[in-house]
Amino acid sequence: MGEEYPEFQLRLPHGGPTAHGRLLSEMGTNGSQKMVVLAGSPARPDVVPSFLLRTPSSHRLREKLIAEGAIRETTTFPGWLEVVRDVECNSPSAAGDILMGRSSNGWLEWKTADGRPLADFLEQVWSGPSRAWLVRGVHPAGPDLVQRVWLPEGRVTLAAPWLRPEVVQGVSKEQLRTFVDEDYESTAAYNEKVQLVDELHAFFSRMRPGDTVCAVSEGRLYIGEVTGSVEQRVAEDGGSNLRRPVEWGREGFALETLPEELRLRLLLKHEVVDLTTSKAIIDGLGVSDEELVEEARDTTAESGAEPAALTARREVELPRPTEELRERLNVHHVDWLQEIRDLVEDEKQLIFYGPPGTGKTFLAQEIAEYLGAGREQVKLVQFHPSYAYEDFFEGFRPIEDPQTHEVAFRLTAGPLREFAKVAGREGNRHVPHFLIIDEINRANLAKVFGELYFLLEYRDRSVRLTYSGEDFFLPRNLFIIGTMNTADRSIALVDAAMRRRFAFVELSPRIEPTAGLLRRWLAAEGRGPEPAELLDALNARIDDADFRIGPSYLMKPGVFRDGGLERTWRTKILPLLEEHHYGDDVDIEGRYGLPALRRAVAMGHEKTSEGFDPE
């Protein structure tokens with residue numbers, strides 16, 4: 001059978017020579033097909049520091065072979081070692097390990113002369129990036145399988161007591177759904193069957209040799225590598241048990257020492273959990289930054305690229321505001337921007353609130369783009385009275401089938417769930433992402449946020465979602481900035497629960513940075529101060545601070561065309577004040593019109609020139 005496979009090659013790191021191997025049909029003790037390293041193959045003279053931690057069995061085998069003289073110094077490959085006799089290994093990965101001096105995925109790194117990976121030649125094993133899985137072996141009412149069976153016997157198991165015995169590896173999800181519906185007809189509820197199908201499909205068909213597998217026991221995380229195919233064992237009582245061979249390669253890691261994101265994923269309440277999005281974090285556990293860089297040099301990764309495991313452990317950092325940013329935003333002092341940055345970092349959620357025209361949305365977008373290092377990391381949604389949880393997070397929506405044109409309701413992600421997925425992608429987790437919620441108080445916040453209220457306060461926890469039933473947590477690098485128009489009396493202000501979860505920053509014409517914004521902008525644009533003086537005079541006549549007028553109405557090009565100021569005043573500002581004083585029998589034009597305000601400004605100038613304070 002071994003002659004059916006071509007000879008495979010393994011290129012040693014740092015542009016080293018090429019080793020040769022032969023795949024056998026015989027199975028090793030770890031459930032994988034054995035592989036022979038052919039005599040005359042080169043081997044690396046040293047090993048990476050994490051070799052013993054990651055694959056202790058391969059480390060022991062290499063040391064044994066060196067001690068026996070099967071791997072020794074040679075003149076054939078100057079600076080390298082040489083394998084002087086055929087060496088039989090338990091798996092392609094073990095064969096690669098002893099040559100490379102590090103943990104390797106033999107199913108992908110051994111290749112034919114024309115570059116095809118070894119995985120392409122095995123049934124139910126395919127090439128491509130390896131995945132990571134969590135399989136539970138500990139239950140409150142049952143035995144600790146991890147300590148009793150998995151670690152000592154080198155395996156991982158999944159109970160399937162009612163599943164028929166003829167199910168084979170690679171079974172489709174649709175076939176499994178039929179089997180589960182029939183075999184578990186009276187023993188599981190509908191939701192339990194849906195979850196069981198997902199878990200069985202992962203164990204039967206998605207998991208493959210070379211994948212990372214994790215298990216939690218006695219407060220520690222144990223990590224290994226799947227080394228073989230799934231096997232179904234039927235007990236005497238007819239119950240079914242699924243198992244896969246695993247090379248458990250590392251000591252356990254205390255859960256309290258793990259990165260927060262990984263700890264959250266380990267808490268997800270399923271028997272089999274796909275941890276692939278956290279694989280880089282798992283790969284870096286117990287390994288220093290220097291060791292990760294050295295390991296990366298051994299791979300075919302792009303030159304100069306940062307190792308994924310190193311990127312995964314980088315913390316989220318928000319840049320400090322600069323004087324250049326202050327000038328661009330016409331803010332009075334860089335310290336105010338620094339305070340906003342610190343509030344975002346500490347609280348994760350912030351709301352700018354104030355009257356209309358105070359630049360709330362503009363500042364939210366500009367600050368988010370600066371702190372997030374680009375517009376790509378910022379998403380804006382606008383709330384309105386009919387906005388709901390289904391619009392914001394997820395819900396069933398009518399979707400047309402492009403083939404049949406039939407319409408059916410399907411579970412669809414909303415902007416928050418989609419953006420959280422983007423922020424949580426591998427390589428993105430250290431990059432700040434900002435969701436801006438414009439007019440946040442115009443929706444019924446309790447209905448829009450639902451169970452997400454909890455996550456706003458507890459970023460280190462997860463919740464079970466209403467529609468999908470999945471566990472969800474907010475990524476640590478997702479920040480939320482809301483804007484709230486305090487003049488909108490048609491919508492009740494945010495409740496106490498929301499106030500506790502957000503930091504509130506006032507933007508009002510009575511305080512900085514809004515109070516002097518228009519004057520600073522006019523000076524920067526080389527224009528006269530009259531619009532700022534008129535706005536100050538206007539707001540001095542408005543008793544209710546929530547209805548004072550912000551400067552953004554007068555910071556548009558149209559204001560400075562012929563008749564532009566008068567037109568803006570007549571069509572933008574006075575209508576707001578007419579609504580505010582509706583039913584109050586106030587002469588809006590006489591009190592707030594430009595002629596009256598210009599007279600007040602002129603009078604103030606006269607008093608100032610005479611030494612009197614106009615106030």
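Close-up 1. Glu68 is partly exposed, with a relative accessible area of 44%; here buried means under 20% relative accessible area, exposed over 50%, and partly exposed in between (1.4 Å probe, protein chains only). Lys64 is partly exposed too, at 46%. The two form a salt bridge, and their closest N and O atoms sit 2.7 Å apart. (A salt bridge is a side-chain nitrogen of Lys or Arg within 4 Å of a carboxyl oxygen of Asp or Glu.) Both belong to helix α2 (residues 56-68), and because they are four residues apart there, about one helical turn separates them. Helices (H or I, at least four residues) and strands (E, at least two) are DSSP runs, numbered from the N terminus.

A quick note on what you're looking at: this is a predicted model, where local features need pLDDT of at least 70, side-chain atom pairs count only at pLDDT 80 or more, and totals for chains, interfaces and linings use all residues. Residues are numbered from 1 along each chain as its sequence is written, and side-chain values use heavy atoms, with hydrogens and water left out.

**Close-up 2. Arg500 and Glu457, a salt bridge between two helices.** The closest N and O atoms of Arg500 and Glu457 are 3.5 Å apart. Arg500 comes from helix α19 (residues 496-501) and Glu457 from helix α18 (residues 452-457), so this pair ties together parts that are 43 residues apart in sequence. Arg500 counts as exposed at 51% relative accessibility, while Glu457, at 34%, counts as partly exposed.

**Close-up 3. Arg598 meets Glu566.** Here the salt bridge has its closest N and O atoms 3.1 Å apart. It links distant parts of the chain: Arg598 is in helix α24 (residues 594-609) and Glu566 in helix α22 (residues 564-580), 32 residues away. Arg598 is partly exposed at 30% relative accessibility, and Glu566 is partly exposed at 33%.

**Close-up 4. A salt-bridge network of Glu26, Lys34 and Glu88.** Salt bridges link these three residues, Glu26, Lys34 and Glu88, in a network.

Close-up 5. Glu261 sits in helix α8 (residues 260-266) and counts as buried, at 12% relative accessibility. Setting aside neighbours within four places in sequence, Glu261 is in contact (heavy atoms within 4.5 Å) with Thr277, Ser278, Ile281, Arg429 and Phe473. Look for Arg461 as well: Glu261 and Arg461 are 200 residues apart in sequence, yet 9.6 Å apart in space, C-alpha to C-alpha.
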